[in-house]
Amino acid sequence: MFQSFEVTSRPGDGPPRLTALRAAMAAAGLDGFLVPRADAHQGEYVAPRDQRLAWLTGFTGSAGFAAVLADAAGVFVDGRYKVQVRAQVDGAHFTPVDWPGTRLAGWLTEHLPEGGRVGFDPWLHSVEEITRQGKALKAAGIELVAHENLVDAIWPGQPPAPAGPIRVHPLALAGQDHEAKRRALGAELAVQGARAAVLTLPDSIAWLLNIRGSDTPRNPVPHAFAILHDSGMLDLYCAREKLSVEVLTHLGNEVSCHPPEAFEPALEALRGAVRIDPASAPVRVAERLAGAEILHDRDPCLLPKARKNAAEIAGMEAAHLRDAAAMCRFLCWLDQAAPGGGLSEIDVVKRLEEERRREEGLLDISFETIAGTGPNGAIVHYRVSEESNRRVTPGELLLVDSGAQYADGTTDITRTIATGPVGALERVCFTRVLQGMIALSTIRWPKGLSGRDLDPLARAPLWRAGLDYDHGTGHGVGACLSVHEGPQRISRISEIPLEPGMVLSNEPGYYREGAFGIRIENLIHVIPAPALPEADPREMLAFATLTWVPIDRRLIAVEMLGRDERDWLDRYHAECRRRVAPHLDGATARWLESATAPL
């Protein structure tokens, strides 16, 4: 299952491609062109056909975009990728730009005169994004122009559109049949006065119809569009070869299937009020709804999908238990093999993926495994390649962030591991990260608070030492769906109230460029807080843990922990033993007993 998707800039590739794009821009009468890492579904993970940003620039991170002008080419990335982008792009031709510290509109205004025309593919940019950028550029007299994709026009041998088969997601795992889901959301549309809603997110369509697909690497979702009507009836637009007789029977008479080329005419035929999500609907969809009254509102599937039902939580728990067994076998092996100094990062990735393949119900890994030792661990979304592959040197920290897609759930876990004796600085930083992770694991809060309200709890131990990390503390996770799921998250910018059933990651970290990286990640889900004898009669929420894998005790400066923190870790490790040991062989069970001993 191991496969490196690391794309490196091959000498000579960047300039000819950039030159070809600039020639296409000039021929089209454009002064610039935007190249996002996106597809028509605005997904974080894109099929090979849609890896335009990587093909043009060499940058392979999961978020970012390029703005190409006649005499400048900026690659815009956030703090997670500031090290990676410098390593991957040709600095003589592409300039890394700190985003959102530098906004696109400001950068374009600085580099273009009044009257400048910047092209974009209307399938690859959301309504919200283009509206916001257009307003910001209007004062400078710069125009955004919808245009055919110029990268596609110059990309010889561009991979074809994916056409992976769709399968039925069993009712026992979904917890609710798709007819009930469709009717409930259709009734919501009717109350709002909407005749229909246009669905463009693959995971929304997969959740709504209890189907799963194989069009996107590491995410079991199909590329498709849908129109949900207020009656609960639905029109599905996807390639016919994806749909087996079993899937068609499952969808039934209330779901009509159409080829992808019928989607735009269907949009043009819609009348009355039609709901789209401006944050994810492509500009092209809005353009084709000229005969309808467009209502801007959140994708109606987002919150119901995020609030996992009992069957979905049970599936996630079962998947995490099997995944914990695989992780324990891997960590047991690593403890034996790493001190000898003979391992590489690729060896680590291959062994972990081998252990996961032994588990029942495994479909795939949920993202490319991150295994960074020493300075590579400081690259937040590092992907090992043959060129970057580093030996695991005893005494360096090894950061391993990985996950799996099982039929009953999705996992995502990070552990930072000592491969030999480490320095005092590493132990102090690790302990501060652990304290933040414990603080978030144990918090109770009044119903109605969002991830933004909880995010500082995980950062406070680092802040007290003048440290921080440049990523969110937690992201939503789907149930056998996308490993990064919205709208719930724990970050400085999240205003979505947390609700029971939502699954999130809890992953504070610390990264010292050129030296080491630390991250500890468990998945957690929101539950009603257990009753307390003297509590106010107000509704409170809490987190329950899904991940049961030991945290490396060798990296903890025990004297820094308070009594409550020590007690939490000892209870957590005792629960790891109780849950996981029965699923392990003798040698790994003995390793687990030692790894989870009380502090």
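A: **Where H14 meets H19**

Helix H14 (residues 310–337) packs against helix H19 (residues 586–595) at an angle of about 80°, and their axes are 9 Å apart. Helices here are DSSP runs of H or I with at least four residues, numbered from the N terminus. The axes are lines fitted to C-alpha atoms over the stretch in contact, with angles running from 0 to 180 degrees between N-to-C directions. H14 and H19 are therefore roughly perpendicular to each other, a label that covers 65 to 115 degrees.

Keep in mind that this is a predicted model, where local features need pLDDT of at least 70, side-chain atom pairs count only at pLDDT 80 or more, and totals for chains, interfaces and linings use all residues. Residues are numbered from 1 along each chain as its sequence is written, and side-chain values use heavy atoms, leaving out hydrogens and water.

So who touches whom? On the H14 side you'll find Cys328, Arg329, Leu331, Cys332 and Asp335, and they meet Ala587, Thr588, Trp591 and Leu592 in H19; contact means heavy atoms within 4.5 Å. By class, that's six nonpolar, one polar and two charged residues.

Leu331 turns up again in the largest nonpolar core, which has 62 residues; Phe330, Leu331, Leu334, Val348 and Ile551 have the most contacts inside it. Such a core is a set of buried (under 20% relative accessible area, 1.4 Å probe, protein chains only) Ala, Val, Leu, Ile, Met, Phe, Trp, Tyr and Cys residues joined through side-chain atoms within 4.5 Å. H14 supplies the largest share of this core, nine residues.

Technical notes:
Helix = DSSP H or I, 4+ residues; strand = E, 2+ residues; numbered from the N terminus. Parallel < 35°, antiparallel > 145°, perpendicular 65-115°, else oblique. Nonpolar A, V, L, I, M, F, W, Y, C, P; charged D, E, K, R; others polar. Buried < 20%, exposed > 50% of the residue type's maximum accessible area, 1.4 Å probe, protein only.
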